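I opened this notebook to keep track of what I looked up, one topic per entry. Please read it with the model on screen.

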Amino acid sequence: AAFTYFVLVFSIQTTRTVALPVEVTMPSSYTATSTVPSQIDLVLQGTEDQIYLIDTSKIVLRVDFSHVNREGVNYADIKIDTGALGDYVDLSAISIYTQPSQMKVYFSASGAAK
């Protein structure tokens, strides 16, 4: 019976992927010399009735590079702000993550030749 339950639970799971804009905070003394993505894929996994109830326009993605203190390739985690989503969706029953989970940007010192 337990095996049947897990087979059914995992077989009705579905995935929804949505490209969302990302807010990027840049460092003050370095300039991005590589492409900085303007959108990131948000992945929602759960049952159809759960994940299609979600208004993804209310979810905010943020990346903070203000900690950058050297030239070269730097990485920062993509943070997901679900806002009031937990008020109408059981967040413990779904999985929300981004692909990729980090953003990679190449920085050079401000005023350096490009």
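**Entry 1. Ground rules.** I noted that this is a predicted model, in which local features need pLDDT of at least 70 and side-chain atom pairs count only at pLDDT 80 or more, while totals for chains, interfaces and linings use all residues. Residues are numbered from 1 along each chain as its sequence is written, and side-chain values use heavy atoms, with hydrogens and water left out.

**Entry 2. Strand pairing.** I looked up strands, which are DSSP runs of E with at least two residues, numbered from the N terminus. Two strands pair if DSSP finds at least two bridges between them. Strand 4 and strand 5 pair in the antiparallel sense, over four bridges. I found Val60 with Asp81 as its bridge partner in strand 5. Strand 5 also pairs with strand 7, again antiparallel, over six bridges. There, Gly72 stands opposite Phe107 of strand 7.

**Entry 3. The core.** Which residues have the most contacts inside the largest nonpolar core? I first wrote down the rule: a nonpolar core is a set of buried Ala, Val, Leu, Ile, Met, Phe, Trp, Tyr and Cys residues joined through side-chain atoms within 4.5 Å. Buried means under 20% relative accessible area, exposed over 50%, and partly exposed in between, using a 1.4 Å probe and protein chains only. The largest core has 22 residues, and those with the most contacts inside it are Ile54, Ile59, Leu61, Val63, Phe65 and Met103. Strand 1 (13-25), strand 3, strand 4 (60-64), strand 5 (72-81) and strand 7 (102-109) each supply at least two residues of this core. I then checked the contacts of Ile54, where contact means heavy atoms within 4.5 Å. Leaving out residues up to four places away in sequence, Ile54 touches Arg16, Leu44, Ile59, Leu85, Tyr88, Val89 and Ile94.

**Entry 4. Thr47.** Is Thr47 buried or exposed? Thr47 is buried, with a relative accessible area of 15%, and is found in strand 3 (residues 39-47). A polar contact is a pair of N or O atoms within 3.5 Å; within protein, one must be able to donate a hydrogen and the other to accept it, and residues adjacent in sequence count only if both atoms are side-chain atoms. The side chain of Thr47 makes one with that of Asp49 at 2.5 Å and one with that of Gln50 at 2.9 Å.

Entry 5. I found that the peptide bond from Gln99 to Pro100 is cis, with omega near 0°. Pro100 sits in the loop between strand 6 (95-99) and strand 7. The backbone oxygen of Pro100 lies 2.8 Å from a polar atom of the Thr98 side chain. Thr98 itself is in strand 6 and is buried, at 7% relative accessible area.

**Entry 6. Salt bridges.** A salt bridge is a side-chain nitrogen of Lys or Arg within 4 Å of a carboxyl oxygen of Asp or Glu. By this rule I count two. In one, Arg62 meets Glu23 (3.1 Å, N to O). Arg62 lies in strand 4 and Glu23 in strand 1, so this pair ties together parts 39 residues apart in sequence. Arg62 also meets Asp81 in a salt bridge (3.1 Å, N to O). Asp81 lies in strand 5, so that pair with Arg62 ties together parts 19 residues apart in sequence.
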